[in-house]
Amino acid sequence: MKQPIQLLNDTLICSDNFEHLYLSYSSIQMMHASPFANLRTLKNLSMDGTNLISIETYTFDGLELLEHLNLSATNIESVEENAFVKLKKLKSLHMRSTRLSRLENRSLFGLESLQILDFADSTKETIQPFTFSSLRKLK
């Protein structure tokens, strides 16, 4: 019997023109730095319904072309500062129904192209005053 994925520790290796990755409803709880570094052409990453509990600073390194990220219905409680800093082309970030309790000033820093941000039904106990200041393209 296979063990469920709890820790995405190694770098994923896929084809050069891989654009969509669906890890939805897997048992991933943690990701170490840069597990997606070899997925340079990825545009859509779905990790909704996972057991992920936090987003670390270098988690999304290598995903400079990513446009859509779905982290909804997860157990995410925290997002480190600069967690999304490399995602300059990200247009939509969905974190609906998470356990997110705190957003720091720089948690969303670097999301220059972000147009859609969905935190509906998420627990947000503390949001720092300048958390959304760099999100100039939100609709």
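This is a predicted model: local features need pLDDT of at least 70, side-chain atom pairs count only at pLDDT 80 or more; totals for chains, interfaces and linings use all residues.
How exposed is K88, by relative accessible area?

1. **Overall make-up.** The protein has 11 strands and 0 helices. Read from the N terminus, the elements run β-β-β-β-β-β-β-β-β-β-β.

2. The chain has 139 residues, and 41% of them are buried. The accessible surface of the protein is about 7600 Å². Carbon and sulfur atoms account for 49% of that surface.

3. **Contacts along the chain.** Take the contacts between residues at least 6 apart in sequence. Of these, 54% join residues at least 24 apart. The next points give individual pairs.

4. **A buried residue.** I28 sits in the loop between strand 2 (20–22) and strand 3. Its relative accessible area is 0%. I28 therefore counts as buried, since the cut-off is under 20%. The C-alpha atoms of I28 and N51 are 5.5 Å apart. Along the chain, these two residues are separated by 23 positions.

5. **Salt bridges: the count.** How many salt bridges does the protein have? The count is 4.

6. **E64 and R40.** These two residues form a salt bridge, with the closest N and O atoms 3.3 Å apart. The pair links distant parts of the chain, 24 residues apart. E64 is in the loop between strand 5 (54–55) and strand 6 (68–70). R40 is in the loop between strand 3 (30–31) and strand 4 (44–46). E64 is partly exposed, at 32% relative accessible area. R40 is also partly exposed, at 48%.

7. **K88 and E112.** Here is the reply to the opening question: K88 is partly exposed, with a relative accessible area of 34%. Its side chain meets that of E112 in a salt bridge, at 3.6 Å from N to O. This pair, too, links distant parts of the chain, 24 residues apart. K88 lies in the loop between strand 7 (78–79) and strand 8 (92–94). E112 lies in the loop between strand 9 (102–103) and strand 10 (116–118). E112 has 46% relative accessibility, so this residue counts as partly exposed.

8. R96 forms a salt bridge with D121, and the closest N and O atoms are 3.5 Å apart. R96 is in the loop between strand 8 and strand 9, while D121 is in the loop between strand 10 and strand 11, so the pair ties together parts 25 residues apart in sequence. R96 is partly exposed, at 35%. D121 is exposed, at 61%. Salt bridges with shared partners join R96, D118 and D121 into one network.

9. **A positive patch.** Which residues form the positive surface patch? They are K43, K89, K91 and K139. K139 is in the segment after strand 11 (126–127). Why does K139 count as exposed? Its relative accessible area is 81%, and exposed means over 50%.

Key: Residues are numbered from 1 along each chain as its sequence is written. Side-chain values use heavy atoms; hydrogens and water are left out. Patches are made of residues with over 30% relative accessible area and no salt bridge: like charges are joined within 9 Å, nonpolar side chains (Val, Leu, Ile, Met, Phe, Trp, Tyr) within 5 Å. Accessible areas come from the Shrake-Rupley method with a 1.4 Å probe; for residues, only the protein chains shown count as cover. Lys and Arg count as positive and Asp and Glu as negative; His and the chain ends are not counted. The place of a charge is taken as NZ of Lys, CZ of Arg, CG of Asp or CD of Glu. Helices (H or I, at least four residues) and strands (E, at least two) are DSSP runs, numbered from the N terminus. Buried means under 20% relative accessible area, exposed over 50%, partly exposed in between (1.4 Å probe, protein chains only). Contact means heavy atoms within 4.5 Å.
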